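Please look over the following chain together with its coordinates before reading the report.

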Amino acid sequence: MTALVLQIEYTEDEARKIGVVGWVKNTSKGTVTGQVQGPEDKVNSMKSWLSNVGSPSSRIDRTNFSNEKTISKLEYSNFCIRY
């Protein structure tokens, strides 16, 4: 989902505030990956936060959102951190 360095706990909190579901995970390459699902306006709000704000100590070099598609049913019931 993204190529950025941030504290993923802030991402989890923001996702819950916005009202999207899915997951986020730090990678061994120092980036973050994940999946976000929800109404298009809420997903767009989350993408904007990930691209422009991030956690307080984050350094956002770039974001890359891929595999975007319309779904008929959410695949997750909450937003969580994966390890």
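What follows is a short report on a predicted model, arranged by structural element.

## Helix α1

Helix α1 comprises residues 8–18, and its buried residues are Ile8, Thr11, Glu12, Glu14, Ala15 and Ile18. These residues lie on the same side of α1, because the arc they cover around the axis is only 165 degrees. The elements that cover the buried residues of α1 include β2 (21–26), β3, α2 and β5. Just after α1 comes Gly19, a residue that takes a positive phi of about 100 degrees.

## Helix α2

With 13 residues at 1.5 Å a residue, α2 should span 18 Å, and the 18 Å that separates its end C-alpha atoms therefore agrees with this expectation. The buried residues of this helix are Val43, Met46, Lys47, Trp49 and Leu50. Their arc around the axis is only 160 degrees, which puts them on the same side of α2. Glu40, Asp41 and Asn52, by contrast, are exposed on the other side of α2. The residue that follows α2 is Gly54, whose phi is positive and near 70 degrees.

Glu40 deserves a separate word, and its place is in helix α2. Why does Glu40 count as exposed? Its relative accessibility is 64%, and the exposed class begins over 50%. Glu40 and Lys73 are 33 residues apart in sequence, while their C-alpha atoms are 13 Å apart in space.

## The largest pocket

The largest pocket of the model has a volume of about 670 Å³. Its lining is made up of 21 residues, of which Val36, Ser66, Asn67, Glu68 and Lys69 are the closest to the pocket centre.

## The loop between β4 and β5

Asn67, one of the residues closest to the centre of the largest pocket, lies in the loop between β4 (59–63) and β5 (79–81). Although Asn67 is not a glycine, its phi is positive, at about 60 degrees. Asn67 counts as exposed because its relative accessibility is 72%.

Asn78 also has its place in the loop between β4 and β5. With a relative accessible area of 39%, Asn78 is partly exposed, a class that lies between the cut-offs of 20% and 50%. When its neighbours within four places in sequence are left aside, Asn78 is in contact with Val21 and Gly22. The C-alpha atoms of Asn78 and Ser55, two residues that are 23 residues apart along the chain, are separated by 20 Å.

Conventions:
Residues numbered from 1 in each chain as written. Predicted model: local features only at pLDDT ≥ 70, side-chain atom pairs only at ≥ 80, totals over all residues. Heavy atoms only, no water. 1 Å grid on protein atoms, 1.4 Å probe; cavity = no way out; pocket = protein on both sides within 12 Å on 5 of 7 lines; lining within 4 Å. Points joined across faces, edges and corners; volume = space filled by probe spheres on them. Helix = DSSP H or I, 4+ residues; strand = E, 2+ residues; numbered from the N terminus. Expected span 1.5 Å × (residues − 1). Buried < 20%, exposed > 50% of the residue type's maximum accessible area, 1.4 Å probe, protein only. Arc of directions from axis to C-beta. Contact = heavy atoms within 4.5 Å.
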